[in-house]
Amino acid sequence: MKARWRNSLGALLAVVALGVTVLVAVLLIRTYTLAEFKRVRLGKGAPAAELSQGEREQLIEALKGAIRIPTVSFSETEQNTTALAEFGQYIRKVFPLVFSSSLIQHEVVGGYSHLFTVRGSDSNLQPYMLLAHFDVVPATPEGWEVPPFSGEELNGYIYGRGTIDDKNCVIGILQALEFLLKRGYKPRRSFYIGFGHDEEISGSYGAMKIVETLQSRGIKLLFLVDEGLAVLDGVIQGTRRPIAL
Ligand SMILES: [Zn+2]
């Protein structure tokens, strides 16, 4: 009994230690990354090399255009709904294959959020889901190298509110799907994509409605990938390499 008790205590301490580590990491990141939350680096790595020059430019322009739509959540009760609607029109225009593919069903949920169902060829495989949000917190021009909704490029970076929280994920997912469809992609496993319009103010009308929609259809997900953080390089004290969070 004693050994088992000791094991339980050990496990408990390990959980507490992990919790503290995560908390400290979050605090460090919050402290050291405020400046970093304004820009995203233009990648030069291998995945981009598989894109043509034209596609690479397309990808960059798609993100810049998304940054220029000020989808601001000001408070629990105030959002720029004109911009939220405009964003919906924008993605329809920029990703025509996603919106015309016979494999994909698109729905607007909760007024402005988006739910995509991508049908795989094997219905025995449990579906997964990718999530992101396209509303942003307010930004005034003070303290910015370029206006926060300009999507301008400066020294190899795209600047703007939403570049790494979280229009990068929205555009990344849609652009990947668009390029894959262009190459004849047909997934075996079905998946869902959800883009919320009110994540910064709790997600009551976006994420919650998407959940209700999926639940009402009896859908059970294998796994779900949501917003994380950027690859941080030289931001967290004591680290010498880029860290993906
Ligand atoms: Zn976010």
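The model is predicted, so local features need pLDDT of at least 70, side-chain atom pairs count only at pLDDT 80 or more, and totals for chains, interfaces and linings use all residues. Numbering starts from 1 along each chain as its sequence is written, and side-chain values use heavy atoms, without hydrogens and water.

**Stop 1: the helix pair.** Select helix α3 (residues 53-67) and helix α4 (residues 81-94); they pack at about 165°, with axes 11 Å apart. The two are therefore roughly antiparallel (angles over 145 degrees). Now show E61, A62, G65 and A66 of α3 with F87, Y90 and V94 of α4, which make the contact (heavy atoms within 4.5 Å). These residues divide into 5 nonpolar, 1 polar and 1 charged.

**Stop 2: the stacked pair.** The whole structure holds 7 aromatic pairs (ring centres within 6.5 Å). Select F87 and F134: their centres lie 4.6 Å apart and their planes at 5°, so the pair is stacked (planes under 30 degrees apart). F87 sits in helix α4, F134 in the loop between β6 (128-133) and β7 (153-154), 47 residues apart. F87 is buried at 0% relative accessibility (buried means under 20% relative accessible area, with a 1.4 Å probe and protein chains only). F134 is also buried, at 0%.

**Stop 3: the edge-to-face pair.** Move to F99 and F116. Their ring centres are 5.5 Å apart and their planes at 75°, so the pair is edge-to-face (planes over 60 degrees apart). F99 lies in helix α5 (residues 96-100), F116 in strand β5 (residues 113-118). F99 is partly exposed at 24% (between 20% and 50%), whereas F116 is buried at 0%.

Key. Axes are lines fitted to C-alpha atoms, for helices over the stretch in contact, and angles run from 0 to 180 degrees between N-to-C directions. Helices (H or I, at least four residues) and strands (E, at least two) are DSSP runs, numbered from the N terminus. Angles under 35 degrees count as roughly parallel, over 145 as roughly antiparallel, 65 to 115 as roughly perpendicular and the rest as oblique. Ala, Val, Leu, Ile, Met, Phe, Trp, Tyr, Cys and Pro count as nonpolar, Asp, Glu, Lys and Arg as charged, and the others, Gly among them, as polar. Rings of Phe, Tyr and Trp (its six-membered ring) pair if their centres lie within 6.5 Å; planes under 30 degrees apart count as stacked, over 60 as edge-to-face and the rest as tilted.
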